[in-house]
Amino acid sequence: MGRLILFWAALMGLFLLFSVSRSETEEVRQALVRFMIQISPGNINRGANWGWNLTSDPCIWQGVVCNAMSKSVIIIHLDKLNLSGVLDANSLCVAKSLALLSLNHNQIVGNLPEGISNCSQLRRLFIRGNNFSGILPGSLSKLSKLIMLDISSNVFSGELPDLPRISGLVGFLADNNDLSGRIPEFNYLNLRAFNVSYNNFSGPIPDVHGHFNASSFSGNPGLCGKPLRTPCPSPPPS
């Protein structure tokens, strides 16, 4: 009798484990479908292999790559799909293992939400060539694993958040926006790609240790100092 009880207890344990695992997968599937509904309000050409529904495995959806072992979503790559909705970060970041999000060259509107920081495993974020606007969320600096951020060719405004706090950042591209204020003191020795040209930044350019030339800073009338040819005004006498 004791062995029979242990058998049924073990069987019930396996059932509960399977149920929890399946429930988590279903939660991610539902959340990603909500994300897609928000970012593509019926305006994209869905082919036969599109997926993005409640009845299929996210790992076979267009633009999705999963970890081979865990089957968790690690990449969402949706460039040039005429997406014209908004980015629902609260739904997107239910996919806790997401490491790369690429939405380049669409027509996505609205702000980059504060909730993007809930994608805590995110290493690469590419949203170049959209219609994002507003101030960049301060929560971006909480993405401690981020190594590459490309927000170029949008309509972002205001000052940059504390991005130098992200110690592993090796690339930051923000050209062709409406950003303003001072350029932060990044660790320019670590950066391999950097461009803030054609914004409204002002003040002296930080010491970039010769890693970047004038093309990374041009188109900001208020900037001065090397590598630009515009000298900074001398400080007033004390």
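1. Two strands are taken to pair if DSSP finds at least two bridges between them. In this predicted model, strand 4 (residues 109-110) and strand 6 (residues 131-135) run parallel and are joined by 2 bridges. Val109 stands opposite Asn131 in strand 6.

2. Strand 6 is also joined to strand 8 (residues 155-158) by 3 bridges, and these two run parallel. Here Ser133 stands opposite Val155 in strand 8.

3. On confidence, the mean pLDDT of the protein is 89, with 88% of its residues at 70 or more. Residues 1-24 have pLDDT below 50, and beyond near neighbours in sequence this stretch has 0 contacts in the model.

4. The whole structure contains 11 aromatic pairs. Trp52 and Trp61 form a tilted pair, because their ring centres lie 4.8 Å apart with the planes at 35 degrees. Trp52 and Trp61 are both buried. The pair of Tyr188 and Phe194 is edge-to-face, with 5.3 Å from centre to centre and 85 degrees between the planes; Tyr188 and Phe194 are likewise buried.

5. Which residues do ring pairs link into a cluster? They are Phe172, Phe186, Tyr188, Phe194, Phe212 and Phe217.

6. Asn195 lies in strand 11 (residues 193-195). Asn195 counts as buried because its relative accessibility is 19%, and the cut-off for buried is under 20%. Apart from neighbours within four places in sequence, the contacts of Asn195 are Phe172, Leu173, Ala174, Asp175, Ser215 and Ser216. Of these, Phe172 is also one of the residues in the aromatic cluster.

Key
Residues are numbered from 1 along each chain as its sequence is written. This is a predicted model: local features need pLDDT of at least 70, side-chain atom pairs count only at pLDDT 80 or more; totals for chains, interfaces and linings use all residues. Side-chain values use heavy atoms; hydrogens and water are left out. Helices (H or I, at least four residues) and strands (E, at least two) are DSSP runs, numbered from the N terminus. Buried means under 20% relative accessible area, exposed over 50%, partly exposed in between (1.4 Å probe, protein chains only). Contact means heavy atoms within 4.5 Å. pLDDT is the predictor's confidence in each residue, from 0 to 100. Rings of Phe, Tyr and Trp (its six-membered ring) pair if their centres lie within 6.5 Å; planes under 30 degrees apart count as stacked, over 60 as edge-to-face and the rest as tilted.
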